[in-house]
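Here's a quick walk through this fold, meant to be read with the model open beside you.

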Amino acid sequence: MSSVIAYVRVSTDDQTNENQRRLIGDRYKVSKWFEEDGVSGRIPARQRPAMSALLAYVREGDTVVVNAVDRLGRDTIDVLSTVESLKAKKVSVVSMREGFDLAT
């Protein structure tokens, strides 16, 4: 059974994931949330605890939803690496801000 998995991240401790959670939750029925609080975008995605856990958790047919593509990595190469890792597991990736499915 496929699931919608959400990933949210804020870079500093004075920010909150609440807005990202609301935007995603208003559009998708999320079965599992992965959150990073105060984790800099300069840290490669695979080195972030929640992203690492998400990559280990997702299964074929799942959809990972982020509010914006920059949540997936620190730069274009990191984003592409993250998306390729998910595609290899046959997981779809949706970025709401950009309005497209990055796995297609």
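What follows covers the sheet, the cores, a few individual residues and the salt bridges.

This is a predicted model, so local features are taken only at pLDDT of at least 70 and side-chain atom pairs only at pLDDT 80 or more, while totals for chains, interfaces and linings use all residues. Residues are numbered from 1 along each chain as its sequence is written, and side-chain values use heavy atoms, with hydrogens and water left out.

**The sheet and a helix across it**

- Five strands make an open sheet in the order E2-E1-E3-E4-E5, with mixed pairing.
- Helices (H or I, at least four residues) and strands (E, at least two) are DSSP runs, numbered from the N terminus, and two strands count as paired if DSSP finds at least two bridges between them.
- Strand E2 (32-36) and strand E5 (100-101) are the edge strands, each pairing on one side only.
- E5 runs antiparallel to strand E4 (residues 92-95), and two bridges join them.
- As background, strands of a sheet pair through backbone hydrogen bonds, either parallel or antiparallel.
- Helix H1 (residues 18-27) lies across E1, E2 and E3, and runs at about 160 degrees to E1.
- That angle goes from 0 to 180 degrees between N-to-C directions, using axes fitted to C-alpha atoms, for helices over the stretch in contact.

**The nonpolar cores**

- A nonpolar core here is a set of buried Ala, Val, Leu, Ile, Met, Phe, Trp, Tyr and Cys residues joined through side-chain atoms within 4.5 Å.
- Buried means under 20% relative accessible area, exposed means over 50%, and partly exposed is in between (1.4 Å probe, protein chains only).
- The largest core has 18 residues, and those with the most contacts inside it include Tyr 7, Met 51, Leu 54 and Leu 86.
- Strand E1 (4-9), H2, E3 and helix H3 (76-88) each give two or more residues to this core.
- H2 supplies the largest share, four residues.
- Setting aside neighbours within four places in sequence, Leu 54 is in contact (heavy atoms within 4.5 Å) with Ile 5, Ala 6, Tyr 7, Phe 34, Val 64 and Leu 86.
- Apart from this core lies another one of eight residues, among them Val 4, Ile 24, Val 30 and Val 65.
- In soluble globular proteins, nonpolar side chains tend to be buried together.

**Arg 59 and Ser 2**

- Arg 59 sits in the loop between helix H2 (49-57) and strand E3 (63-66), and Ser 2 is in the segment before E1.
- These two are 57 residues apart in sequence but 7.6 Å apart in space, C-alpha to C-alpha.
- For contrast, Ser 2 and Ile 43 are 41 residues apart in sequence and 29 Å apart in space, again C-alpha to C-alpha.
- Beyond four places in sequence, Arg 59 touches Met 1, Ser 3, Lys 89 and Val 91, while Ser 2 touches Gly 61 and Asp 62.
- Ser 2 counts as partly exposed because its relative accessibility is 47%.

**Arg 71**

- Where is Arg 71? Arg 71 lies in the loop between E3 and H3.
- Is Arg 71 buried or exposed? Arg 71 counts as buried because its relative accessibility is 14%.
- Its contacts, leaving out neighbours within four places in sequence, are Tyr 7, Arg 9, Val 10, Gln 20, Arg 48, Met 51 and Val 66.

**Salt bridges**

- A salt bridge is counted when a side-chain nitrogen of Lys or Arg is within 4 Å of a carboxyl oxygen of Asp or Glu, and that rule gives five of them.
- Arg 59 bridges to Asp 62, with the closest N and O atoms 4.0 Å apart.
- In that pair, Arg 59 is partly exposed at 37% relative accessible area, whereas Asp 62 is buried at 0%.
- Arg 74 and Asp 75 meet in a salt bridge at 3.8 Å, N to O.
- Arg 74 is partly exposed at 47%, and Asp 75 is partly exposed at 35%.
- Glu 84 pairs with Lys 87, the closest N and O atoms being 3.8 Å apart.
- Both Glu 84 and Lys 87 lie in helix H3, three residues apart, about one turn of the helix.
- Glu 84 is partly exposed at 46%, and Lys 87 is partly exposed at 35%.
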